[in-house]
Amino acid sequence: MFPNCMFCSGRRLTVRAAETDTNEVNPQVPDKAPAKNGSSFNQLLGIKGAAQETNKWKIRLQLTKPVTWPPLVWGVVCGAAASGNFHWNLEDVAKSIVCMIMSGPCLTGYTQTMNDWYDREIDAINEPYRPIPSGAISENEVITQIWVLLLAGLGLAGILDVWAGHDFPILFYLALGGSLLSYIYSAPPLKLKQNGWIGNFALGASYISLPWWAGQALFGTLTPDIVVLTILYSIAGLGIAIVNDFKSIEGDRAMGLQSLPVAFGAETAKWICVGAIDITQLSVAGYLLGAGKPFYALALLALIVPQVVFQFQYFLKDPVKYDVKYQASAQPFLVLGLLVTALATSH
């Protein structure tokens, strides 16, 4: 994320980088890069199996990992639905789109770029062909991208507060708090991701709770019961975050990061992962049933079933080999369950 030591002196931004000066970069593809089998589509999405690219704008896009934006965008949709005040008119649609841009491309892009910056040493072990460890983009260009995305996200949050007529700038403070959480997730000295439990829960909350809160606060009132419910749902987000840890076991172990696959072993960690995802959703279904909303509870249960099927079909067989296939198959049902829960709370 942000570099290990970054401060402003007058008008000049000074960066103290680790070990090597990366301002002078070599755009050539490193020998270890999977150039022959790399996919241009994967490169634009920012996922593994990406082709090597020298176009700086494509590299910048790759650093923001567009594949991670949809959950945030969907979270805004859920929050707007939960508010009960969203209407299909031009103004509300425009507000929601701006909120989605704030949550996805801007603040998630900021988070992912910053995370890649602080993971550059781990990526040099796990994925040495990624843009930063390979030298495809310079240090200053990465730092500039981090600041531009952060300030753009905070600026859009402030605009939305004014647009919504808020007396208290709740969206700005949600954006600021989420940005701070993103920073301490990857940056020393706290570096929450060093602890598999705390780091993954923080990541889950960022992907589920924060965009929901933003969407609901934009169109209605963020109530304590919704805060509690979405934090509970973030335990499922913890499980989703663990899925991504399996591919980094070697680098995490080398760098001393206690991800759950490193701490407990892959076999135990994969059961912790699916348990967090399934038990959380079952608990929410039980809550909806107890709240007198049996049809919503049944709908949520129906969406849990295919997730369990795909867990046994893909993830539990080989969490490294089938991680992308599992997420592509199972997560659409999880996000639909989020919308079912949001609609239940709005009635």
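## Basis of the description

Helices (H or I, at least four residues) and strands (E, at least two) are DSSP runs, numbered from the N terminus. The model is predicted, and local features need pLDDT of at least 70, side-chain atom pairs count only at pLDDT 80 or more, while totals for chains, interfaces and linings use all residues. Residues are numbered from 1 along each chain as its sequence is written, and side-chain values use heavy atoms, with hydrogens and water left out.

## Helix packing

Two packed helices are described by the angle between their axes and the distance between the axes. Here axes are lines fitted to C-alpha atoms, for helices over the stretch in contact, and angles run from 0 to 180 degrees between N-to-C directions. Helix H4 (residues 90-118) and helix H7 (residues 139-164) have axes that come within 9 Å and cross at roughly 155°. That makes H4 roughly antiparallel to H7 (angles under 35 degrees count as roughly parallel, over 145 as roughly antiparallel, 65 to 115 as roughly perpendicular and the rest as oblique). The crossing of H4 and H7 is left-handed (the near helix is turned anticlockwise from the far one by less than a right angle; clockwise gives right-handed). In the contact of H4 with H7 there are 23 nonpolar, four polar and three charged residues. Ala, Val, Leu, Ile, Met, Phe, Trp, Tyr, Cys and Pro count as nonpolar, Asp, Glu, Lys and Arg as charged, and the others, Gly among them, as polar.

Helix H9 (196-219) also packs against H4: their axes come within 11 Å and cross at roughly 150°. H4 and H9 are therefore roughly antiparallel to each other, and their crossing is right-handed. The axes of helix H3 (69-83) and H9 come within 6 Å, crossing at roughly 40°. That makes H3 oblique to H9, and H3 passes H9 in a right-handed crossing.

## Cavities

The structure holds three cavities of 30 Å³ or more. On a 1 Å grid over the protein atoms alone, a cavity is a set of points where a 1.4 Å probe fits but cannot get out, and lining residues have an atom within 4 Å of a point. Grid points are joined across faces, edges and corners, and a volume is the space filled by probe spheres set on the points.

The largest cavity has a volume of about 310 Å³. Its lining has 22 residues, and Leu72, Leu107, Gly178, Ser206 and Leu210 lie nearest its centre. H4, helix H8 (170-186) and H9 each supply at least two lining residues, with the largest share, eight residues, coming from H8. This lining has 15 nonpolar, seven polar and no charged residues. The second largest cavity has a volume of about 70 Å³. Among the residues that line the second largest cavity are Glu53, Tyr129 and Arg130; by class, its lining has six nonpolar, two polar and two charged residues.

## Backbone features in loops

Most residues other than glycine have a negative phi, and most peptide bonds are trans. The peptide bond from Pro188 to Pro189 is cis, with omega near 10°, and Pro189 lies in the loop between H8 and H9. Lys65 is not a glycine but has a positive phi of about 50°; Lys65 is in the loop between helix H2 (56-64) and H3.

## Annotated spans

An unreviewed UniProt entry lists residues 146-164, 170-185, 197-214, 226-247 and 295-316 under "transmembrane region". UniProt positions are given in the numbering used here, feature names are shortened, and annotations may be inferred rather than shown by experiment. In the model, residues 146-164 are 100% helix and 0% strand, with end C-alpha atoms 27 Å apart. Residues 295-316 are 95% helix and 0% strand, and their end C-alpha atoms are 30 Å apart.

Methods. On a 1 Å grid over the protein atoms alone, a cavity is a set of points where a 1.4 Å probe fits but cannot get out, and a pocket is an open set with protein on both sides within 12 Å along at least five of seven lines; lining residues have an atom within 4 Å of a point.
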